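Dear colleague,

Please find the structure we discussed below, together with its sequence. I would be grateful if you could read the notes that follow alongside it.

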Amino acid sequence: FFSDVDLSPPIEVFALTQAYNDDPHPNKVNLGVGAYRTDEGKPWVLPVVKTVENQMAADPTLNHEYLPIAGLTDYVNASIRLLLGADSPAIAQNRVDGCQGIGGTGCIRVGLDFLYKIIGCRVVYVSTPTWGNHKGISKAIGYDVREYRYWDNDKRGLNFEGYINDLKAAPSGAVVLLHTCAHNPTGVDPSKEQWAKLAEVIKEKHLFPFFDCAYQGFATGNLEADAWPVRYFVEQGFELLCAQSYSKNFGLYNERTGNLTFVSSSSDVCMKVKSQIKTIIRQTWSNSPNHGCRIVSTVLNNPSFYEEWSRDVKTMAERILLMRQRLHEKLKALGTPGNWDHIVKQIGMFSYTGLNPRQVDFLVKQYHIFLLKSGRINMCALTTKNLDYVANAIHEAVTE
Ligand code: PLP
């Protein structure tokens, strides 16, 4: 059975981490992985997460029984409030609900499955570029995957005209995957005015908006402000899906904490949508894990924990901002050819540096600095200690 199996290509970001781990060089830097790092270059377990974990460890009422297929109700409801705002009319009208999922990835998978199998969607649009798994998941389901222009390499910014024109040319009923905020990998988001124009086209062309919300809090440091695009679409009367991930903003990467929120036209429709999504979950992973989502639920449902968490998110966002400023200053001070203003203009965890594959290769080989071929770097992998080393290496890569 197995003898003719071809080797599947490696997943770049994981292969990069492996290469970094295997490299004995003392100054090596991993700018590839999409995870927060402290200024000491270490993963950060948020203090509020630690507190709740300790409480859970001492709680004799907790056990390892299966959760319901739709997950923890308090978690799902708190996630919806975090996304839409507690005062959202859609919540008051009882036409929004959700299901717990295995990370943002699991929620995207189940959401796209639902749109394919139950709604009959066959075409999905993703941004060029986008998080690699958008295409992978869509193709695995059987979608015809198409792209809308997003990044303008000359401008080092958003190609809004290309974006809107590609959506205008999309067939009715196509799904559009939209990054809610802190676009991965470019770090460039549409303005509010641009979102409003996108919403018009999406409505006019009868496209289906599917938001991917993996970085709430990382764009501005403010959780409410970062959810604005989804809230705006709800205000405009859209039915939509949104895959929320707490991997980044809670630092719960391996706990696989996600929530799939669906907003529908009525309470009755919402109930039917939920029943279908539950069936897909049952057939996919049966029911979700408890640990991470219970932590999130405890924090979101307790005002004092929530306050502490909001501050932690701000801490992460501000450290990233500081690294942007420092790298920018350093490259300017070195006189590195080219304009590096995009480093401070971009937002969220990543910067799309504009470094080409040859320059990336130079950084990996000569300086043991690991980054994706696209030139995307994780800003918080920069630290006070390695920043000069990285800036000098970039300078060398650009001028060699
Ligand atoms: N969506 C985007 C844009 C991401 O960058 C990521 C993770 O890097 C995800 C979704 C998936 O998140 P999770 O790890 O929760 O599955």
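The notes below cover the domains, the core and the ligand site.

Please bear in mind that this is a predicted model.

The protein divides into domain 1 (12-45 + 317-399) and domain 2 (73-301). Their centres, taken over C-alpha atoms, are 28 Å apart. At the boundary, 18 residues of domain 1 are in contact with 21 residues of domain 2. On the side of domain 1 that touches domain 2, the elements giving two or more residues are α13 and β11 (350-352), and β11 gives the most, with 3 residues. By class, that side of domain 1 has 9 nonpolar, 7 polar and 2 charged residues.

The largest nonpolar core comprises 113 residues, of which Tyr125, Val175, Val176, Phe210, Val230 and Ile369 touch the most other members. Helix α13 (residues 303-334) supplies the largest share of this core, 8 residues. Because domain 1 and domain 2 both give residues to this core, it lies between them. As for Val230, leaving aside residues up to four places away in sequence, its contacts are Leu83, Leu84, Thr180, Phe211, Cys213 and Cys242.

The ligand is surrounded by Gly34, Gly103, Gly104, Thr105, Trp131, His179, Asn184, Asp212, Ala214, Ser245, Ser247 and Gly258. Helix α5 (residues 103-119) provides the largest share of this shell, 3 residues. By class, the shell has 9 polar residues, 2 nonpolar and 1 charged.

With kind regards

Notes
Residues numbered from 1 in each chain as written. Predicted model: local features only at pLDDT ≥ 70, side-chain atom pairs only at ≥ 80, totals over all residues. Core = buried A, V, L, I, M, F, W, Y, C linked by C-beta atoms within 7 Å. Buried ≥ 20, exposed ≤ 12 C-beta atoms within 10 Å, placed from the backbone. Helix = DSSP H or I, 4+ residues; strand = E, 2+ residues; numbered from the N terminus. Domains from an automatic or database assignment. Contact = placed C-beta atoms within 7 Å. Near = placed C-beta within 6 Å. Nonpolar A, V, L, I, M, F, W, Y, C, P; charged D, E, K, R; others polar.
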